[in-house]
Amino acid sequence: VVYRAVQAGLNRDVALKMLSDHAAADPDASARLLAEAEAAGGLKHPNVAPVFACGTHHGRPYFALELLPGGRLDQRLGGSPLPNQPAAERAEHRAVGGD
């Protein structure tokens, strides 16, 4: 689940990604979320939102990322992921300064 939140201390809007109540009960899901945060935190790329913080709150893992404009990704994609080739082409196009 991703929420719009305000990062305390810095007073900036962030995207806060955390597990749903149901998924938080699964230790494997918690480990995957923290592994995702670690992997994303190690990347520096114009098409990857930077990770600002990572931790747990009341036993639920979370990480905070740059809040990007444009609405929800699932809505922009019409509820379906892009096939691999078009997704790679779009990422490459954006990386070299496209729209």
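Visitor: Hi! Before we get into the pairs, what does exposed mean here, and what does buried mean?
Guide: Exposed means over 50% relative accessible area, buried means under 20%, and partly exposed is in between. Asp21, at 61% relative accessibility, therefore counts as exposed. Keep in mind that this is a predicted model.

Visitor: Good. Which residue forms a salt bridge with Asp21?
Guide: That would be Arg60, with the closest N and O atoms 2.7 Å apart. Arg60 sits in strand 4 and Asp21 in helix 1 (residues 21-24), so this pair links distant parts of the chain, 39 residues apart.

Visitor: And Arg60 itself, buried or exposed?
Guide: Arg60 is buried, because its relative accessible area is 19% and the cut-off for buried is under 20%.

Visitor: How many salt bridges does the structure hold?
Guide: Three. One of them joins Glu36 and Lys17, where the closest N and O atoms are 2.7 Å apart. Glu36 belongs to helix 2 (residues 27-41) and Lys17 to strand 2, so the pair ties together parts that are 19 residues apart in sequence.

Visitor: How accessible are Glu36 and Lys17?
Guide: Glu36 is partly exposed at 34% relative accessibility, and Lys17 is partly exposed too, at 23%.

Visitor: What about Arg4, which residue does it pair with?
Guide: Arg4 forms a salt bridge with Asp13, and their closest N and O atoms are 3.0 Å apart. Arg4 counts as exposed at 63% relative accessibility, while Asp13 is partly exposed at 37%.

Visitor: Switching to rings: how many aromatic pairs are there?
Guide: The count comes to zero. There is a charge over a ring, though: Arg12 lies over the face of Phe52, 3.6 Å from the ring centre.

Visitor: Nice. Which residues does Glu66 touch?
Guide: Leaving aside residues up to four places away in sequence, Glu66 touches Ala15, Ala49, Pro50 and Phe52. Glu66 lies in strand 4 and is partly exposed, with a relative accessible area of 33%.

Visitor: Now backbone angles. What is the phi of Asn11?
Guide: Asn11 has a positive phi of about 50 degrees, although it is not a glycine. Asn11 is in the loop between strand 1 (2-7) and strand 2 (12-18), and is exposed at 68%.

Visitor: And where is His58?
Guide: His58 is in the loop between strand 3 (51-57) and strand 4 (60-66). His58 has a positive phi of about 50 degrees without being a glycine, and counts as exposed at 74% relative accessibility.

Methods
Residues numbered from 1 in each chain as written. Predicted model: local features only at pLDDT ≥ 70, side-chain atom pairs only at ≥ 80, totals over all residues. Heavy atoms only, no water. Phe/Tyr/Trp six-rings, centres within 6.5 Å; stacked < 30°, edge-to-face > 60°. Lys NZ or Arg CZ within 6 Å of the ring centre and 35° of its normal. Helix = DSSP H or I, 4+ residues; strand = E, 2+ residues; numbered from the N terminus. Buried < 20%, exposed > 50% of the residue type's maximum accessible area, 1.4 Å probe, protein only. Contact = heavy atoms within 4.5 Å. Salt bridge = Lys/Arg side-chain N within 4 Å of Asp/Glu carboxyl O.
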